Amino acid sequence: MKRAIIFWDFSNFHTSLSQLSHNEYPDTKKFEYRRFVESLTQGMDLIKVYFACSSGPDGGEKVQSFFNWMDHQEYFYVKHFERRQSADGSREKQVDVYLATQIVALAYENAYDVGILVSGDEDFVPAIEIAQQKGKIIVAVSAEKMLSGELRKKADRVVLLNKPGDLNFKNFLS
């Protein structure tokens, strides 16, 4: 059985889900994370879910409570970063660098056979190329509008959250 690790960029996922659900998520609908993870890794041995997230200094109690809840889910390791404003006005959050580092480091440790990247961000392409050079299979999971063309080309498999099928986002909203 292939060993799988999920590398989850929550900011990218949250934006995708909000857009796809026409803002029903997270206001009126909840996402069934556990069932989604089970569906993503069906037929594989789940090793860990690296769930990277960020919030501003005024993230609030509700946001922190959600991240704490996620951190207590089986297999989940939550890495939370505080967003900071840089001198040029851009927001630094470290999520992509953290996940890219994990993808590469764990590939070198042979900790997984299949890396499932829940993000459509092109910044991950160099990391997945290195993991693939180590013989890892990389699956990109994203909404079509959020999936970069380069990531689509480089991933071994792509799962689109907005396409019909078992992994359509609507199947996990309640």
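A: Let us start with a definition. A salt bridge is a side-chain nitrogen of Lys or Arg within 4 Å of a carboxyl oxygen of Asp or Glu. Keep in mind that this is a predicted model. Here, Lys163 forms a salt bridge with Glu144, and their closest N and O atoms are 3.1 Å apart.

Q: Which parts does the pair of Lys163 and Glu144 tie together?
A: Lys163 lies in the segment after strand 8, and Glu144 in the loop between strand 7 and helix 6. The pair therefore ties together parts that are 19 residues apart in sequence. Lys163 is partly exposed, with a relative accessible area of 37%. Glu144 counts as partly exposed too, at 32%.

Q: Which residues are linked with Glu144 in a network of salt bridges?
A: Arg152 and Lys163 are linked with Glu144 in that network.

Q: How many salt bridges does the structure hold?
A: It holds 6. One of them joins the side chains of Arg3 and Asp113, at 3.1 Å from N to O. This pair links distant parts of the chain, 110 residues apart. Arg3 is in strand 1, while Asp113 is in the loop between helix 4 and strand 6. Arg3 counts as partly exposed because its relative accessibility is 22%. Asp113 is also at 22%, so it counts as partly exposed.

Q: Where do Lys154 and Glu129 lie?
A: Lys154 lies in helix 6 and Glu129 in helix 5. Their side chains meet in a salt bridge, 3.1 Å from N to O. The residues are 25 apart in sequence, so the pair ties those parts together. Lys154 is partly exposed at 30% relative accessible area, and Glu129 is partly exposed at 27%.

Q: Now helices. Why do residues three or four places apart point the same way?
A: An α-helix has 3.6 residues a turn, so residues at that spacing point the same way. Take helix 5, residues 125-133. Its buried residues are Val125, Ala127, Ile128 and Ala131. They cover an arc of only 160 degrees around the axis, which puts them on the same side of helix 5.

Q: What do the buried residues of helix 5 pack against?
A: They pack against helix 4, strand 6, strand 7 and helix 6. Just after helix 5, Gly135 takes a positive phi of about 90 degrees.

Q: Next, the sheet. How do side chains alternate in a regular strand?
A: They alternate between the two faces of the sheet. In this model, an open sheet of 6 strands has the order 3-2-1-6-7-8, with parallel pairing. The edge strands are strand 3 (76-82) and strand 8 (157-160), and each pairs on one side only. From one strand to the next, the twist averages 15 degrees.

Q: How many residues of strand 2 are buried?
A: Of its 11 residues, 8 are buried, so read it as mostly covered.

Q: How many bridges join strand 2 to strand 1?
A: There are 7, and the two strands pair in the parallel sense. Phe7 stands opposite Tyr50 in strand 2. Strand 2 also pairs with strand 3 in the parallel sense, over 7 bridges. There, Ser54 stands opposite Phe81 in strand 3.

Q: What stands opposite Gly115 in strand 7?
A: Ile138 does. Strand 6 and strand 7 run parallel, joined by 5 bridges.

Conventions: Residues are numbered from 1 along each chain as its sequence is written. This is a predicted model: local features need pLDDT of at least 70, side-chain atom pairs count only at pLDDT 80 or more; totals for chains, interfaces and linings use all residues. Side-chain values use heavy atoms; hydrogens and water are left out. Two strands pair if DSSP finds at least two bridges between them. Helices (H or I, at least four residues) and strands (E, at least two) are DSSP runs, numbered from the N terminus. Axes are lines fitted to C-alpha atoms, for helices over the stretch in contact, and angles run from 0 to 180 degrees between N-to-C directions. Buried means under 20% relative accessible area, exposed over 50%, partly exposed in between (1.4 Å probe, protein chains only). The arc is that of the directions from the helix axis to the C-beta atoms. Contact means heavy atoms within 4.5 Å.
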